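Please look through the structure shown here together with the notes that follow, which take its ligand surroundings one at a time.

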Amino acid sequence: MGRTKVDFPLLCPGSSSRARGSRRLSAHPAAVAGGSPSMRARFLVLAPALLLAGCGGSNSSIDLLPADLVASGRQIFRHDTFGDEAFWTDQLRMHEPIGTAVSPRKALEVGLKVDAEALPASVVEGIRSGKVNLDDPATTVALLKLDAVVGVKGVVETVAGVDRLARVGITCALCHSTVDNSFAPGIGKRLDGWPNRDLNPGAIIALSPALDAQKKAVYNSWGKGMYDPRFNQDGLSKPVVIPPAYGLAGVEKITFTGDGDDIAYWNRYVSVTQMGAQGSFHDPRTGVSVTHGTQDLVSSKLPALQAYQMSIAAPRPPAGSFDAVAAERGRLVFQRANSCATCHSGATFTDANQRLHPGADSMAEPEQPSYAARSATKMYRTSPLRGVWQHAPYFHDGSAATPEAVVETYNRRRAMGLTEQEVRDVAQYLRSL
Ligand code: HEC
Ligand code: HEC
């Protein structure tokens, strides 16, 4: 069986995450119960090996997840709609505006990304030479037919020689992948797990001809990189930033509020309640109970989907993107008693595996309505910080534009007494993680 290399911190004897690590990988009902017998068996068999691998240093690269499970998870993450066309097509009728009125230029403007590797050479050449018309909605349909629009799946029918968008659905990659812009802005190689902070999901949903003006106004108010994954459940509107789906191996509380013990918890929530997947989600803590359709197109995919996300390491900062000497000074401030490492501890820079925090510990609170108050735990999880350089703005409401703004906010709100230089140094340290 092939293996994939991943960074997996803290699974060594004596570390507190050891026991939890085994529980997490072997017995989580949400992740495991629905899997096919072979997937399930593979997951269970792997757990002990995980405990022994990788000791002697945090974040050491170890052989962890079976490559075929990860590969099938990647396919699901990128391409699976879980039957959510029932929502995006039958209910929202998104195929009408997307199929007739959204040019590639407009699609790029609302933050949709194009996977350059899905484009045949002739199309690449046509875009380069300007022969492919990026102002024509028919080009969008052609791109969908090539499966080249990240996170959007179209079914294109050809009637009397004319291509028509018959159905459309979305995948996880819509919000949690972007591209490296290597071909043109918005067009390049996929970067899975990187939040698409250019994406304006609210503005896209507001194109639906099936929504009334009041709902459209709410969706249009959210803005780029923001989404409220609870609005359609509790009727309140206060969007949060789209977070990364990388760097989560070893973190046993998922979401800003630590609602789930594993990634699969949230994947089930978001696929069923937000994407409109065919399947069920129930959580007595929030009272959310949703079933779509009579088939379950979600459960069997959760183990592979989770394995894939766990395999995505946080991206390293680009060479030269921070001042290493200042970052080292900043590290010492960060690690001081009663400073940042009290909460941002361990290899993933979070105490999530030990505790959650009351609202007041979030620098985004007080806010109206409070995001924690709408969640299952009513608490906040300390955010993991690996790769934090990559995904400004910060805090769940995106209120801190830069690492500097983050540290200034803490310095003021927690009366830390840091000098200006120390604030800058800690910010450089954040850029280095
Ligand atoms: C419309 C945009 C959107 C789509 C589609 C979407 N998500 Fe998310 N995702 C979000 C937002 C917003 C949050 C933050 C919610 C929170 O933490 O309370 C989130 C949170 C997460 C988290 C938690 C990250 C952490 O730090 O704990 C993971 C993992 C994740 N999503 C994976 C997925 C997967 C897998 C799918 C497909 C099944 C998916 N998402 C579909 C917007 C989206
Ligand atoms: C009392 C616990 C606690 C302390 C101390 C603390 N943090 Fe946090 N940190 C949190 C929590 C909880 C969040 C999530 C807040 C939210 O999103 O609303 C967070 C979020 C962050 C984020 C945002 C990450 C993201 O993905 O948006 C950064 C950056 C950060 N903290 C850096 C720091 C630095 C630097 C310090 C020291 C100056 C510090 N923290 C001190 C608990 C703490």
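How many nonpolar, polar and charged residues does the shell around ligand 2 have?

1. By class, the shell around ligand 2 has 14 nonpolar, 8 polar and 1 charged residues, where Ala, Val, Leu, Ile, Met, Phe, Trp, Tyr, Cys and Pro count as nonpolar, Asp, Glu, Lys and Arg as charged, and the others, Gly among them, as polar. This is a predicted model, in which local features need pLDDT of at least 70 and side-chain atom pairs count only at pLDDT 80 or more, while totals for chains, interfaces and linings use all residues. Residues are numbered from 1 along each chain as its sequence is written, and chains are lettered from A and ligands numbered from 1 in the order in which they are written.

2. Ligand 2 is surrounded by 23 residues (a residue is near a molecule if its C-beta atom, placed from the backbone, lies within 6 Å of it), and the closest are Cys-340, Cys-343, Ser-362, Tyr-394 and His-396. The elements that give two or more residues to this shell are α17 (403-413) and α18 (420-432), helices being DSSP runs of H or I with at least four residues, numbered from the N terminus.

3. Around ligand 1 there are 27 residues, of which Cys-172, Cys-175, Tyr-227, Thr-255 and Phe-256 are the closest. The largest share of this shell, 7 residues, comes from α14, and the shell divides into 20 nonpolar, 7 polar and no charged residues.
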